[in-house]
Amino acid sequence: MPAVLVGRWGFAAASGNYCDPLGNCAPGSGGSISFTFGANGRAEYSLFQSSLVDGCGQIQSLTHKTGTARVNGSTLVFTPRKGSYKSVNGCRPDLTGTWKFGAGDLKPVALQWQLDGRQLRLADPGGEASGVYSRR
């Protein structure tokens with residue numbers, strides 16, 4: 001793992017607030033993504049998403065995967081070894097809980113990476129992890 005990538009990187013996005021007629025406000029929708037890269041190749045990925053759904057309140061999910069990462073030129077390959085998905089859903093209690101990922105959910109992902117000043121740009125072919133990350 002190149003020393004310049006070692007550490008925690010992340011970004012967050014949010015949109016608006018929702019207020020009921022009595023003035024009680026709830027957070028709007030948003031989320032955050034982070035990667036942590038160790039000098040020894042250990043890697044961690046987290047994706048948090050939250051959406052305000054009228055009549056349900058906040059629906060939140062957290063995806064967390066740990067594994068290894070290796071760099072070959074401008075390609076960074078994250079290979080998850082284990083992971084879990086946690087969800088809180090007021091409209092669908094059957095979708096509230098924590099689940100472990102199976103082998104089919106833990107496939108390697110090849111990301112294109114580039115340092116742009118103090119920011120890390122990642123391009124994910126699947127679109128899930130694409131963005132501009134700052135060191136945390």
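Analyst: Leaving aside neighbours within four places in sequence, Leu120 is in contact with Leu5, Trp9, Phe37, Trp113, Gln114, Leu115, Gly131, Val132 and Tyr133. Contact here means heavy atoms within 4.5 Å. A word on the basis: this is a predicted model, where local features need pLDDT of at least 70, side-chain atom pairs count only at pLDDT 80 or more, and totals for chains, interfaces and linings use all residues. Residues are numbered from 1 along each chain as its sequence is written, and side-chain values use heavy atoms, with hydrogens and water left out.

User: Which residues have the most contacts inside the largest nonpolar core?

Analyst: That core has 17 residues, and Phe35, Phe37, Tyr45, Leu76, Leu120, Leu122 and Tyr133 have the most contacts inside it. Strands S2 (25-37), S3 (42-53), S5, S7 (109-116) and S8 (119-123) each supply at least two residues of this core. The term covers buried Ala, Val, Leu, Ile, Met, Phe, Trp, Tyr and Cys residues joined through side-chain atoms within 4.5 Å.

User: What makes Ser87 count as buried?

Analyst: Buried means under 20% relative accessible area (exposed is over 50%, partly exposed in between; 1.4 Å probe, protein chains only). Ser87 has 6% relative accessibility, so Ser87 counts as buried. Ser87 lies in strand S5 (residues 75-89); strands are DSSP E runs of at least two residues, and helices are H or I runs of at least four, both numbered from the N terminus.

User: Which residues is Ser87 in contact with, leaving aside neighbours within four places in sequence?

Analyst: Gln60, Ser61, Leu95, Thr96, Gly97 and Trp99. A polar atom of the Ser87 side chain lies 3.0 Å from the backbone oxygen of Leu95.

User: And why is Ser50 called buried?

Analyst: Ser50 comes out at 7% relative accessibility, so the label is buried here too. Ser50 sits in strand S3. The C-alpha atoms of Ser50 and Gly30 are 5.4 Å apart, with the two residues 20 apart in sequence.

User: How many helices and strands does the chain have?

Analyst: The count is 0 helices and 9 strands. Buried residues make up 28% of the 136 residues in the chain. Among contacts between residues at least 6 apart in sequence, 45% join residues at least 24 apart.

Note on methods:
A polar contact is a pair of N or O atoms within 3.5 Å; within protein, one must be able to donate a hydrogen and the other to accept it, and residues adjacent in sequence count only if both atoms are side-chain atoms.
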